[in-house]
Structures are given as structure tokens and as C-alpha cells.
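Hello,

Here is the structure you asked about. My notes on it follow below.

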Amino acid sequence: MSAVVFREVGVRLGDTEVLREVSLTLSARTVAVVGDNGSGKSTLARVVGGLVTATSGSVEVLGLDPRRNAADLRRRVAFVFSNPDTQIVMPTVAEDVAFSLRGHRLSRAAKAERVAEALRRFGIDTLADRSSHDLSGGQKQLLALCGAFVREPELVIADEPTAYLDARNARRIAGHLLDGGDHRLLLVTHDLDLAARCEAAVLVTDGRVTAVGETAPVIASYEESLRC
Ligand SMILES: Nc1ncnc2c1ncn2[C@@H]1O[C@H](COP(=O)(O)OP(=O)(O)OP(=O)(O)O)[C@@H](O)[C@H]1O
């Protein structure tokens with residue numbers, strides 16, 4: 001099954017036609033989305049995640065129509081944004097990760113075990129009782145990632161997840177996203193070295209998809225456009 005299928009998708013937000021006639025099929029496990037500022041990358045990712053509804057055309061994500069199966073999709077897809085503050089809601093680190101499991105049919109003990117395992121995996125178990133809002137930027141991003149992964153999503157959508165991080169944390173978080181499990185990844189990024197580590201890529205230019213497929217030629221096509 002292809003993770004994402006767009007057929008002639010258009011998105012209008014206010015007076016702006018943000019995406020136009022986007023058709024693509026994404027089957028690779030890890031896919032980078034690249035392109036200039038304002039080209040429509042985040043909007044494309046948000047359509048995949050069901051946060052923005054297509055104005056025209058049809059969308060299929062993990063075999064589901066995001067409009068009709070929004071709740072189902074929310075259970076199977078997780079978002080990671082560049083600003084982790086938008087995702088942190090609970091007072092302590094452990095509580096915040098546990099909050100991500102609300103609605104999951106697990107016993108209290110199973111939830112506690114899942115949270116503890118996720119905290120260890122992301123290297124923030126020693127911060128479990130700390131105030132989540134007092135963490136450093138990198139620690140907050142690890143917490144946001146931990147909250148996304150604890151739900152064991154099939155698809156992770158990450159929008160500039162390493163934008164504000166130092167080199168060490170950026171590498172660590174990229175490692176979790178790219179190699180940290182059998183989830184699929186849709187990664188919006190301006191970091192072309194990071195994009196190059198994905199199996200496939202999508203180039204968005206002024207609301208249209210102008211290249212899609214194997215990563216190297218898509219990035220080469222983007223770099224070529226930068227020389228113009
Ligand atoms: N809610 C909205 N209402 C109106 N226009 C919007 C809205 N959200 C985004 N846009 C416009 O859509 C266009 C694409 O925005 P989007 O955030 O998808 O681009 P992007 O490629 O992710 O950009 P960047 O790399 O700068 O983050 C921009 O012109 C933006 O101003």
C-alpha cells in the first residue's frame with residue numbers, strides 16, 4: 001500500500017492558492033519534502049496529516065480519506081514541529097508523554113511501562129519529573145518526539161524538526177526520525193544533507209510538485225533551480 005496518494009489536489013487558504021494540481025504517490029519509507037520558503041511544503045504535510053483539508057482533488061493516507069477518517073488517521077499519524085512548545089501541554093515530562101497515550105486502550109501499568117520505555121529511548125528518563133516548560137530547546141524537542149513516538153505511529157510527519165537545535169541534538173533527533181523504528185517518515189526540511197538521507201523526495205515549487213522520486217535527482221533538480 002502507498003502511504004500517500006494525492007490526485008489533482010488543490011488547497012486554497014484565504015485568497016491564496018497554496019497548492020495546485022498536486023498528484024503524487026509516495027511509497028518509500030522515508031520521504032523528504034524540499035523547496036523554497038512559502039512554496040507550500042508545510043501545507044502539503046498538513047494535508048497529509050489531516051490538519052488542512054484539500055479544496056479540490058482527492059487524498060489518501062495509509063489507505064484512508066483524511067476527511068472521512070480523521071479520528072482513525074490521528075491515531076496512526078504523529079506530528080513533530082520545529083517549535084516543540086506547541087506540542088508540550090502537561091506540567092512534567094513524564095505526564096506530558098503519558099498524555100499522548102490518552103484514549104489508548106491500555107492498562108495503567110502498561111501505559112506507565114510504555115512511557116518509561118519511551119523516556120529511556122529518547123534519553124530523557126532522568127528528566128521525568130522535571131517541569132516540561134523549563135527544559136532547554138533540545139530537551140523540549142526530544143520530549144515532543146518522545147510524545148509522538150510513544151503512540152507507535154505508522155507515519156511520522158516532521159516539519160523542520162531540527163531547525164532550532166545544536167549539531168548534537170539535530171543529529172540525535174535525525175537519527176530517531178530516520179532510523180528509530182519501522183514507522184514511515186514525511187520530513188519537511190531545508191537541510192539538504194538531512195533530506196539526502198531519505199529514500200525519496202518531493203520538490204515543491206510555488207504550490208506545485210515539480211519533481212518527485214529518488215532523492216538524489218530531486219535534490220539535484222532543486223540545486224539546479226537555485227543556480228538560476
Ligand atoms: N492559513 C493560511 N492562510 C493564508 N495563507 C496561508 C496560510 N498558511 C499558509 N499560507 C500561505 O501559503 C503559502 C505556503 O505556506 P507554507 O507554510 O506551506 O510554505 P512552506 O514551503 O512550508 O514555507 P517555509 O519553508 O517558509 O516554512 C505561503 O504563501 C503562506 O503565506
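The chain averages a pLDDT of 93, and 100% of the residues score at least 70; pLDDT is the predictor's confidence in each residue, from 0 to 100. For the complex, the predictor gives an ipTM of 0.97 and a pTM of 0.93.

This is a predicted model, in which local features need pLDDT of at least 70, side-chain atom pairs count only at pLDDT 80 or more, and totals for chains, interfaces and linings use all residues. Residues are numbered from 1 along each chain as its sequence is written.

The ligand: its surroundings include Leu-13, Thr-16, Val-18, Asn-37 and Lys-41 (a residue counts as near if its C-beta atom, placed from the backbone, lies within 6 Å of the molecule). The shell consists of two nonpolar residues, nine polar and one charged (nonpolar: Ala, Val, Leu, Ile, Met, Phe, Trp, Tyr, Cys and Pro; charged: Asp, Glu, Lys and Arg; polar: the others, Gly among them). At least two shell residues each come from strand E2 (16-26) and helix H1 (41-48), and H1 gives the largest share, three residues. Helices (H or I, at least four residues) and strands (E, at least two) are DSSP runs, numbered from the N terminus.

The helix pair: H5 (residues 137-149) and H6 (residues 167-179) pack at about 5°, their axes 10 Å apart (axes are lines fitted to C-alpha atoms, for helices over the stretch in contact, and angles run from 0 to 180 degrees between N-to-C directions). The two helices are therefore roughly parallel (under 35 degrees; over 145 is roughly antiparallel, 65 to 115 roughly perpendicular and the rest oblique).

Regards
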